[in-house]
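Subject: Structure handover

Hello,

Here is the structure I promised to pass on. My notes on it follow below.

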Amino acid sequence: MDKEVKAGNSEFMLKAVIFDFDGTIGDTLKLVIESIREAVSPFMDRELSDDEIADTFGPIEEGSILKFVDEKDYEEACKRLYDAYARLHKEITPKPFAGVVDLIKYLKK
């Protein structure tokens, strides 16, 4: 069910829309920070601040993990990250940003 979309003076077919989830669909900043904290805490001798964790943000969370743990602990820390993210998601980020559901419904039409 392709729809023609007018953009300026041109027409094109909208075939797909791709969203980055974190920070686009929902406010997940606190969720990501808490998940990274839980992932690396067993390998640290102190608790990291939110700012220390946020300072490592870049392309992916796994890169943040490597800033805090040795390579030998990387796989376990990543597993802890994914587990924490899944467990904390409903608690910390229970619903998308206002308007996102309506936008997705509109795009589906």
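D50 touches I33, E34 and R37, leaving out residues up to four places away in sequence. Contact here means heavy atoms within 4.5 Å. D50 lies in helix α2, residues 50-54. Helices are DSSP runs of H or I with at least four residues, strands are runs of E with at least two, and both are numbered from the N terminus. D50 is partly exposed, with a relative accessible area of 41%. On this scale, buried means under 20% relative accessible area, exposed means over 50%, and partly exposed is in between, using a 1.4 Å probe and protein chains only. From D50 to R37 is 13 residues in sequence and 8.5 Å in space, C-alpha to C-alpha.

Before you go further, note that this is a predicted model: local features need pLDDT of at least 70, side-chain atom pairs count only at pLDDT 80 or more, and totals for chains, interfaces and linings use all residues. Residues are numbered from 1 along each chain as its sequence is written, and side-chain values use heavy atoms, with hydrogens and water left out.

The overall layout

The chain has five helices and two strands. Their order from the N terminus is β-β-α-α-α-α-α. Of the 109 residues in the chain, 26% are buried. Take the contacts with a separation of 6 or more: residues 24 or more positions apart account for 59% of them.

Two packed helices are described by the angle between their axes and the distance between the axes. The axes are lines fitted to C-alpha atoms, for helices over the stretch in contact, and the angles run from 0 to 180 degrees between N-to-C directions.

Start with α1 (residues 29-40) and α3 (residues 61-68). They pack at an angle of about 40°, with their axes 10 Å apart. That makes α1 oblique to α3. The cut-offs are these: under 35 degrees is roughly parallel, over 145 is roughly antiparallel, 65 to 115 is roughly perpendicular, and the rest is oblique. The crossing of α1 past α3 is right-handed. Right-handed means that the near helix is turned clockwise from the far one by less than a right angle, and left-handed means anticlockwise. On the α1 side, the contact is made by V32, I36, A39 and V40; on the α3 side, by E61, S64, I65 and F68. By class, the contact of α1 with α3 has six nonpolar, one polar and one charged residues. Nonpolar covers Ala, Val, Leu, Ile, Met, Phe, Trp, Tyr, Cys and Pro; charged covers Asp, Glu, Lys and Arg; polar covers the others, Gly among them.

Next, α1 and α4. They pack at an angle of about 140°, with their axes 8 Å apart. That makes α1 oblique to α4. This crossing of α1 and α4 is right-handed. From α1, K30, L31, V32, E34, S35, I36, E38 and A39 meet A77, R80, L81, A84, Y85, R87, L88, H89 and I92 from α4. The contact of α1 with α4 divides into 10 nonpolar, two polar and five charged residues.

Then α3 and α4. Their axes come within 10 Å and cross at roughly 130°. α3 and α4 are therefore oblique to each other. The crossing of α3 and α4 is right-handed. Here E61, E62, I65 and L66 in α3 meet Y74, A77, C78, L81 and Y82 in α4. The contact of α3 with α4 has seven nonpolar, no polar and two charged residues.

Helix α4 (residues 74-92) bends by about 30° at A86. The bend is the angle between axes fitted to the seven residues ending at a residue and the seven starting there. Buried in α4 are A77, C78, L81, A84, L88 and I92. Their cover includes α1 and α3.

S35 lies in helix α1. S35 is buried, with a relative accessible area of 0%. Setting aside neighbours within four places in sequence, S35 is in contact with L81, A84, Y85 and L88.

G26 is found in the loop between β2 (10-14) and α1. G26 is buried, with a relative accessible area of 2%. Beyond its neighbours within four places in sequence, G26 is in contact with F21, T93, P96 and F97. G26 and A98 are 72 residues apart in sequence, but 8.7 Å apart in space, C-alpha to C-alpha.

Best wishes
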